[in-house]
Amino acid sequence: MSALKKHMRTRLHTSEDGLTLLITLLLTGVLLAVTASLVNITLKQYQFSSISYDSEVAFQSANAGMECVLYHDWEARAFDLSERRGPISCFSSVSSDDLAGASGGLVTSGEERRYQFEWGAPAICTDVSVYKFSDPSVDIPLIVDGISIRKEDCRAGTTCTFIQARGYNVSCEDIGESPRVVEREYSVLY
């Protein structure tokens with residue numbers, strides 16, 4: 001009898017070991033699934049915050065470019081018609097010469113003046129276009145990057161100004177190269 005009892009205890013002990021292993025594996029699988037889900041949520045939140053940060057940098061870049069150009073237009077009269085083209089200074093950075101036309105030429109009504117600034121660390125790009133209309137009834141309607149300006153938007157006999165500032169989260173050289181470029185635009189008509 002003693003041999004039979006010993007054999008039964010051994011069998012019973014082996015059966016319990018298998019059940020314990022099964023429960024341990026199931027519990028480990030559930031814990032791994034929960035951990036993987038939490039890691040996935042954390043990574044998604046990190047990606048969303050990175051996208052949000054890049055978007056905010058691009059928007060603030062556009063906003064800063066708009067403020068700088070408005071200052072140059074109102075205070076320094078840098079964009080008056082029939083004035084010579086030339087660079088302007090923003091963010092302790094001198095713009096590249098007017099990218100839209102021949103450098104040094106006179107500006108005519110409805111002609112684009114375009115400037116790029118690179119500033120900050122790491123460098124970000126601001127691209128600004130300025131349009132002046134001396135007689136809106138002649139020069140308008142105009143469509144600039146899908147934005148329509150109508151004759152009713154500007155009073156006849158006045159000079160009408162349209163400024164379009166585009167901000168980026170990368171340097172000017174990386175705009176066409178980087179797959180993570182975020183662009184925000186800010187425009188004003190007065």
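User: Which residue does Cys 125 join in a disulfide?

Analyst: This is a predicted model. The cut-off for a disulfide is two cysteine sulfur atoms within 2.5 Å. The S to S distance from Cys 125 to its partner is 2.1 Å. The partner is Cys 172.

User: Is the link of Cys 125 and Cys 172 right-handed or left-handed?

Analyst: Look at the torsion about the S-S bond, which is 90 degrees. That link is right-handed.

User: How many residues apart in sequence are the parts that this pair ties together?

Analyst: Cys 125 lies in strand 4. Cys 172 sits in the loop between strand 7 and strand 8. The pair therefore ties together parts whose separation in sequence is 47 residues.

User: Is Cys 172 buried or exposed?

Analyst: Buried means under 20% relative accessible area. Cys 172 has 17%. Cys 172 is therefore buried.

User: Why is strand 4 largely enclosed by the rest of the structure?

Analyst: Strand 4 covers residues 124-133. Ile 124, Thr 126, Val 128, Val 130 and Lys 132 point one way, and Cys 125, Asp 127, Ser 129, Tyr 131 and Phe 133 point the other way. Strand 4 is largely enclosed because its buried residues number 10 of the 10.

User: What is the bridge partner of Tyr 115 in strand 4?

Analyst: Strand 3, residues 112-119, pairs with strand 4 in the antiparallel sense over 8 bridges. The hairpin of these strands has 4 residues between them, and Gly 120 takes a positive phi near 85 degrees there. Tyr 115 has as its bridge partner Val 128.

User: And in strand 7, what is the bridge partner of Lys 132?

Analyst: Strand 7 spans residues 160-168 and runs antiparallel to strand 4. The two are joined by 8 bridges. For Lys 132, the partner in strand 7 is Thr 161.

User: How many disulfides are there by this rule?

Analyst: One joins Cys 125 to Cys 172. Another joins Cys 68 to Cys 90, with an S to S distance of 1.4 Å. The count comes to 2.

User: Where does Cys 90 lie?

Analyst: Cys 68 is in helix 1, residues 2-74. The pair links distant parts of the chain, 22 residues apart. Cys 90 lies in strand 1, residues 89-90.

User: Is the disulfide of Cys 68 and Cys 90 left-handed or right-handed?

Analyst: Its S-S torsion is about -80 degrees. The disulfide of Cys 68 and Cys 90 is therefore left-handed.

Methods. Residues numbered from 1 in each chain as written. Predicted model: local features only at pLDDT ≥ 70, side-chain atom pairs only at ≥ 80, totals over all residues. Heavy atoms only, no water. Buried < 20%, exposed > 50% of the residue type's maximum accessible area, 1.4 Å probe, protein only. Pairing = 2+ DSSP bridges.
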